[in-house]
Amino acid sequence: MVTYAHQDDSVVVIIGSGAGGGTLANELCQKGIKVVLLEAGKRQSPATFINDEWAAFGQLSWTDKRTTSGSWRVAKDFPNLPAWICKTVGGTTTHWAGASLRFQEHEFHVKTLYGEMAGANLLDWPLTLKELEPYYARAEDKMGVTRTHDIPGLPGNNNFKVFYNGARKMGYGASTGHMAINSQPRAGRGSCQQYGFCFQGCKSGAKWSTLYTEIPAAEQTGKLELRTECHVARIEHDAKGRANAVVYFDKDGKSRRQKAQVVCVAGNSIETPRLLLLSASNLFPDGLANSSGQVGKNYMRHTTGSVYATFKEEVHMYRGTTMAGIIQDEAEHNPKRGFAGGYEFETLSLGLPFMAAFLNPGGWGKDFGEALDNYAHMAGLWIVGEDMPQESNRVTLHATEKDQWGLAVPNVHYDDHANDIALRQHAYKQAKALYESVGAKKVYEVPPYPSTHNLGTCRMSAKARDGVCNKWGQTHDVPNLFISDGSQYTTGAAENPTLTIVTLAIRQAEYIAKQMTARAL
Amino acid sequence: MTEQPITFDAQDFPRRSRRAFLKNSGVLLGTLWAGSSALMALAPSRSWALEMSTLDEATGRNLLSFCRRIFPHDTLDDAVYALVVKDLDAAAAKSAEVKQMLADGSAALDKAAGGAWLKLTPAAQDKIVAGLAGSPLFKKVHGTAVVSLYNNELAFAHFGYEGNAFNHGGGYLLRGFNDLKWLPDPTPAASPAPFTGA
Ligand SMILES: Cc1cc2nc3c(=O)[nH]c(=O)nc-3n(C[C@H](O)[C@H](O)[C@H](O)COP(=O)(O)OP(=O)(O)OC[C@H]3O[C@@H](n4cnc5c(N)ncnc54)[C@H](O)[C@@H]3O)c2cc1C
Ligand code: SF4
């Protein structure tokens, strides 16, 4: 593997190796650009993944201290775990389920469409679906998304059968959807063996993760140096305000400084704004690239919730793909339902250990016992809908709490918007009816888990005063500093976010390469 | 492919070790219930023993019974609840404060029962438990049990969760991922046939 000197100021430094960073690294390397990829976590592989929920959580998750505030229930039940995301090579693409959906056209300009929404800080994306379409197609090809590029759909499991039959009774359509999981061997990876541990790292490598796709491909170019267990603490800049280095703690806890020509931040939407805030300086007193004051604000997590139902007969929902099943009939914007935006239903299952932890956090007693007594008879789905960006939903630096590096921990504040609550109630009601239509004995409305989708904290905007970066993810204030993950989201849309994150990374790589050739960076 | 050897305390069957018993510590003994057939398949023998390093027997028994009321599963064998006591004992061994709190909590249960907690009917115990929700004892036992009680092979067998697929014969592709028969099958357009080739 190539190594670059700490003094080499001609490299692109990327922080984070997940969906955004891992993809961007590969795309740049394929164009011959030198990349140093700094990743806080360790490198695992399908061989070291563990089919055990708590053990895998310990192996892959980001468990550095974080704090929470606000009226969301996560702040009470999981005060130090606002988000369920990863610290490992490949980032949260090791944990993710693989649902890969494009945005709908209208979701790029909801401010215009929804009009004034009290308390919401809406803004239109400086982008259109048309501009993204060719990049979506490349992302789908790269990720092997089913039902695109002539890739067949996945076979439905038992959980899907219940979901599908309920959908039909409701007049909905359902299918096994668009999943970045090989339904047949492709791109040197095997097909899904239906382990059902998609959230624990796919042991067959059928599910796309940058860990065993983008990153090895980038390594093969001879242009990538991946440094694992390197936690970036600060981004530095020169007198002119151009980013010129990053300071990080390496495996041994030693402080290092890597010079850079371009810096790209892809630490997921809590760490990315945290790093900009931690990089405040004389020139940027409120945090790097924060002249708009929007860094850390407009934190979005999708309006989510799960619904589980028990049946007389057995289901064994945990067998096979965790999330291959979707209903899109409620994804449109139809204000007649009493809220703006829409939502998807997707099949979901948890193993017994996580069901106990998440069914009703803090719950106990007879009803709780009865739900788990029926575990083998349970089917489940997840709701994912658009949530409203709000300025007060926000990642800030904690005034006193420090992490193991002595850096201020991030606090994540979140309150549901009235629109979020109305959307969730509608979805709960529809899901309950769906399961009752196929004979559910009991239906459980399960509150949102710690955030799996984290978005919006360095949003894209046409004007510098409204957001942190432009339509390429380039920060308005620091031309050679890029936001390369879901933090760029201007609004959340109803779809799971990763396909769009990957799409934006492919497009951003093209822009960076062109700008470097033109000596503009 | 191999997996990293990660083992959980709660994953073994509660059994007596050959180690000499430590002073001042207790042992919980039990016999698997006749109805616990799913567990018998996994257990080395019908009788089980939990040797505690720190807690005494009376405390262990009270905690086990208290836990049964927090997470009531009438047909779940005491042997599985004993795994929670095992983790509570381990926490007590690490912290004198926890040890004291558990011992005091157990004594408080007896006191609330007007003598012996274990002699009360489940319904009478439930009333006391409801009054204790939010107390340090409740929080500790609840927080430990919500992981320990459900994260072990005995519980998996009891509740009908098949656990580690990789270790138990691989994916469900050929082991029943779509064997549900009580509802009609989806159309091939919605759910294509699986790829089962090489
Ligand atoms: C259980 C689960 C299921 C999901 N299912 C789906 C799904 O079906 N479909 C979908 O679209 N999305 C899904 N997601 C969400 C998806 O995983 C994320 O959207 C995506 O991975 C985000 O990409 P990212 O690049 O922003 O961050 P990540 O993939 O989280 O990568 C960020 C990386 O940056 C590293 N990092 C952070 N800070 C630093 C630092 N200071 N220094 C060095 N490294 C740092 C982290 O260690 C991490 O590896 C799921 C998530 C979870 C948890
Ligand atoms: S169900 Fe398929 S995608 Fe999920 S972990 Fe198993 S093999 Fe991988």
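1. Cavities. In this predicted model, the count comes to eight cavities of 30 Å³ or more. A cavity here is a set of points, on a 1 Å grid over the protein atoms alone, where a 1.4 Å probe fits but cannot get out. Points are joined across faces, edges and corners, and a volume is the space filled by probe spheres set on them. The second largest cavity holds about 100 Å³ of space. It is lined by 15 residues, where lining means having an atom within 4 Å of a point. Closest to its centre are A:Cys192, A:Tyr195, A:Gly196, A:Cys198 and A:Cys202.

2. Ground rules. Residues are numbered from 1 along each chain as its sequence is written, and chains are lettered from A and ligands numbered from 1 in the order in which they are written. Local features need pLDDT of at least 70, side-chain atom pairs count only at pLDDT 80 or more, totals for chains, interfaces and linings use all residues, and side-chain values use heavy atoms, with hydrogens and water left out.

3. Confidence. The model scores ipTM 0.93 and pTM 0.96. For chain B the mean pLDDT (the predictor's confidence in each residue, from 0 to 100) is 88, and 88% of its residues reach 70 or more. Treat residues 1-11 of chain B separately: pLDDT stays under 50 there. The model has 35 contacts (heavy atoms within 4.5 Å) for that stretch beyond four places in sequence.

4. Chain B. Its secondary structure comes to seven helices and two strands. Both are DSSP runs numbered from the N terminus: helices are H or I with at least four residues, strands are E with at least two. From the N terminus on, the order is β-α-β-α-α-α-α-α-α. Of the 198 residues in chain B, 46% are buried. Buried means under 20% relative accessible area, exposed over 50%, and partly exposed in between (1.4 Å probe, protein chains only). Among contacts in chain B with a separation of 6 or more, 68% join residues 24 or more positions apart.

5. Nonpolar cores. A core is a set of buried Ala, Val, Leu, Ile, Met, Phe, Trp, Tyr and Cys residues joined through side-chain atoms within 4.5 Å. The largest has 157 residues, and A:Phe345 and A:Tyr435 touch the most other members. Helix α3 (residues 78-94) of chain B gives the largest share, 10 residues. A second, separate core of 53 residues includes A:Val265, A:Leu277, A:Val295 and A:Ile506. Leaving out residues up to four places away in sequence, A:Tyr435 touches residues including A:Val162, A:Phe163, A:Phe311 and A:Leu381.

6. Cysteines. A disulfide is taken as a pair of cysteine sulfur atoms within 2.5 Å. Over all chains, the search finds zero disulfides. A:Cys230 is buried at 6% relative accessible area, and B:Cys67 is buried at 1%.

7. Positive phi. A:Gln194 is not a glycine, yet its phi is positive, about 60 degrees. It sits in the loop between α6 (158-170) and α7 of chain A and is buried, at 1% relative accessibility. A:His316, also not a glycine, has a positive phi of about 55 degrees. Its loop runs between β9 (303-310) and β10 (326-327) of chain A. A:His316 counts as buried at 11%.

8. A:Ala217. This residue lies in helix α7 (residues 214-220) of chain A.

Methods:
On a 1 Å grid over the protein atoms alone, a cavity is a set of points where a 1.4 Å probe fits but cannot get out, and a pocket is an open set with protein on both sides within 12 Å along at least five of seven lines; lining residues have an atom within 4 Å of a point.
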